[in-house]
Amino acid sequence: MTEATTVRPSGLHRTAPSIHYQVAMPQPESHLFEVTLFVKGWQTPVLDLKLPVWTPGSYLVREYAKHLQDFSADTGDQRHRLLARKISKNHWQIETANTSEITVRYRVFANELSVRTNHLDATHGYFNGAALFFFIPGWEHQPIRVTLVPPKPDWHVTTPLLSLPGEANTFEAANFDTLVDSPFEIGSQQLYNFQVLGKPHQLAIWGQGNADPEQIIEDTKKIIEVEAELYGGLPYDRYLFLLHLSSNGFGGLEHKNSCSLNFSRFGFRVKEKYNRFLQLVAHEFFHLWNVKRIRPKALERFDYENENYTTSLWFCEGTTSYYDLVIPFRAQIYDANAFLEGMSKEITQLQTIPGRKVQPLSESSFDAWIKLYRRDANSNNSQISYYLKGEMVSFLLDLLIRAQHENQRSLDDVMRQMWQRFGIQEIGFTPQQLRDVIESVAQTDLSDFFDRYIDGTDELPFDEYLEPFGLRLSSIKSGEPVPHLGVNVNADNGKTMIQFVEAASPAAVAGVDAGDELLAINGWRVTAEQLSDRLKDYKVGDTIQVSVFHQDELCTLPIILGAPRPSRYQIVLVEKPCNTQRQNLTGWLGTGLKVEG
Ligand SMILES: [Zn+2]
């Protein structure tokens with residue numbers, strides 16, 4: 001928090017105000033939440049209210065205040081209005097006229113269905129504290145009560161917060177951080193209760209589709225057990241999985257005692273898609289340790305008004321992404337072949353993004369606030385995701401530690417040490433402390449590793465780290481080779497639009513621009529669908545004439561085609577693994593691997 005918000009209002013021995021929010025939604029189809037804030041026991045002439053500009057877990061300033069309207073303040077009697085003014089985009093100030101009871105009324109437009117925003121329609125309501133509730137600077141540590149007023153008799157409320165006995169639909173958060181960390185769902189969501197390791201868990205599902213709750217619970221139990229075993233127990237009293245089924249949704253947001261998940265409603269039948277769902281579950285659940293409790297110093301105390309810069313998101317998100325592939329394998333949801341297949345796909349993705357050679361991983365983390373969530377046509381040329389590369393770096397670290405210690409140690413020991421040293425007490429870690437823990441587990445100086453792969457942009461040496469396990473990375477050129485042009489295209493209303501031009505590719509060198517409309521090769525029309533096939537008619541080094549509309553102007557550009565690129569990468573067994581390699585591989589992934597070169 002900023003200085004101004006940590007210092008309590010001037011004056012000694014002031015008694016704390018009571019803070020109570022009421023959230024009504026009399027016309028849910030209008031997408032408007034009607035919020036009333038009751039402050040009692042207020043003792044100073046002004047009351048400041050601030051709305052967060054972001055929510056933890058999603059590192060982008062979202063300006064939640066843009067959805068707020070109809071703000072007013074009164075003494076509890078609407079005829080006695082109090083003077084209120086805006087100080088900044090998210091800051092309101094009320095002159096209290098020495099009244100100790102202040103009622104604030106406002107409405108919030110909620111029509112963005114994502115795990116990090118608010119959504120209200122005729123079927124349900126969902127909100128995140130950061131996007132709906134003000135904090136009172138200086139009083140963030142006060143408990144906050146929230147009462148929901150359902151618009152229909154059959155609507156019920158689901159939230160990780162404890163309800164207050166004897167008060168309908170009323171819940172209490174110990175402080176503002178907890179309120180922000182506790183999403184609310186109101187509607188006719190389906191509820192399923194289950195126990196894992198003696199603790200109550202709940203799955204709440206909004207929306208229809210082909211999800212099989214029994215199967216989801218069975219697999220989720222296995223995931224919970226594997227993660228609990230890794231960290232040595234479950235650090236909560238109860239846990240809620242809140243699942244939204246939507247047409248093409250995908251996303252999750254982690255909380256200490258819950259997570260919000262958004263997944264495509266018919267994405268549960270096909271095994272590969274369902275595995276992707278379980279990886280999402282494993283990912284958000286892993287976060288209850290890594291990032292919710294094991295936090296970088298910069299996120300130890302949230303500043304809700306500003307960017308919270310850290311170079312460690314590669315560990316918070318990337319390492320969690322690595323484990324979201326590992327955990328279902330350990331839970332026997334899929335086998336080692338599927339695990340390596342998944343890793344291979346991610347490696348393929350990394351190796352096709354030119355930005356990996358431009359942006360260091362630590363910088364990708366630091367600049368999350370302005371880059372990762374704000375992609376444009378140049379993003380892939382200039383950036384690399386800290387999820388994707390962080391996952392790969394975590395993979396290499398796991399291999400490095402395992403190879404050094406014959407599988408007697410692994411990245412699991414790093415996670416456990418981080419939990420013991422920082423997570424349990426919720427003490428923020430510095431990048432140096434993180435590195436110290438990894439080095440102490442590996443018993444190796446990792447200066448070179450960090451310089452090259454985390455703070456630098458050297459290519460990740462997969463083969464070097466796979467070799468002790470008798471594995472290598474194979475680049476595969478399947479089918480007839482396609483000479484390299486360096487563009488991604490899509491069909492848009494009958495037009496073939498160039499979405500992306502790879503930096504330094506033949507197309508980029510010739511002057512093709514993202515946003516151009518592709519028309520013809522050597523004078524003959526070409527569509528998005530035909531492009532790859534048409535390029536096969538030429539050889540590496542041939543010059544083709546590519547016609548495009550650039551800003552409405554017809555241009556024909558000569559382009560010299562380059563050498564074909566691998567279509568994918570695959571982790572495969574080396575031809576004749578020695579005994580040590582066999583032992584290492586078995587110690588890591590067990591037996592039964594089928595991957596061949
Ligand atoms: Zn995550």
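Analyst: Helices (H or I, at least four residues) and strands (E, at least two) are DSSP runs, numbered from the N terminus. Buried means under 20% relative accessible area, exposed over 50%, and partly exposed in between (1.4 Å probe, protein chains only). Contact means heavy atoms within 4.5 Å.

User: What should I know about the model itself?

Analyst: It is a predicted model: local features need pLDDT of at least 70, side-chain atom pairs count only at pLDDT 80 or more, and totals for chains, interfaces and linings use all residues. Residues are numbered from 1 along each chain as its sequence is written, and side-chain values use heavy atoms, with hydrogens and water left out.

User: Which residues of H3 are buried?

Analyst: Among them are Ile 216, Ile 217, Ile 223, Ile 224 and Leu 230. Asp 219 and Glu 227 are on the list too.

User: How many residues does H3 have, and how far does it reach?

Analyst: Helix H3 (residues 213–231) has 19 residues. From first C-alpha to last it reaches 26 Å, close to the 27 Å expected at 1.5 Å a residue. The expected span is 1.5 Å times one less than the number of residues.

User: What follows H3?

Analyst: Gly 232 does, with a positive phi near 85°.

User: Which other residues have a positive phi although they are not glycine?

Analyst: Leu 197 is one, at about 50°. Gln 332 is another, at about 60°. Most residues other than glycine have a negative phi.

User: Where are those two, and are they buried or exposed?

Analyst: Leu 197 sits in the loop between S16 and S17. Its relative accessibility is 55%, so Leu 197 counts as exposed. Gln 332 is in the loop between H5 and H6, and Gln 332 is exposed as well, with a relative accessible area of 70%.

User: Back to helices. How many residues of H4 are buried?

Analyst: 12 of its 16, so H4 is mostly covered. Phe 277, Leu 278, Phe 285 and Phe 286 are among the buried ones. The end C-alpha atoms of H4 are 22 Å apart, which agrees with the 22 Å its 16 residues should span at 1.5 Å a residue.

User: New topic. How do H9 and H12 cross?

Analyst: The axes of helix H9 (residues 386–404) and helix H12 (residues 447–454) come within 12 Å and cross at roughly 160°. H9 and H12 are therefore roughly antiparallel (an angle over 145 degrees).

User: Which residues make the contact?

Analyst: H9 brings Lys 389, Val 393, Leu 396, Leu 397 and Leu 400. H12 brings Phe 449, Tyr 453 and Ile 454.

User: How many of them are nonpolar, polar or charged?

Analyst: Seven are nonpolar, none is polar and one is charged. Ala, Val, Leu, Ile, Met, Phe, Trp, Tyr, Cys and Pro count as nonpolar, Asp, Glu, Lys and Arg as charged, and the others, Gly among them, as polar.

User: Where is Pro 566, and what is it in contact with?

Analyst: Pro 566 lies in the loop between strand S27 (553–560) and strand S28 (568–573). Leaving aside neighbours within four places in sequence, Pro 566 is in contact with Ser 475, Ile 476 and Lys 477. At 22% relative accessibility, Pro 566 counts as partly exposed.

User: Last one: is Asn 337 buried or exposed?

Analyst: Asn 337 is buried, with a relative accessible area of 12%. Its place is in helix H6 (residues 336–351). The C-alpha atoms of Asn 337 and Ile 571 are separated by 9.8 Å, and the two residues are 234 apart along the chain.

Technical notes:
Axes are lines fitted to C-alpha atoms, for helices over the stretch in contact, and angles run from 0 to 180 degrees between N-to-C directions. Angles under 35 degrees count as roughly parallel, over 145 as roughly antiparallel, 65 to 115 as roughly perpendicular and the rest as oblique.
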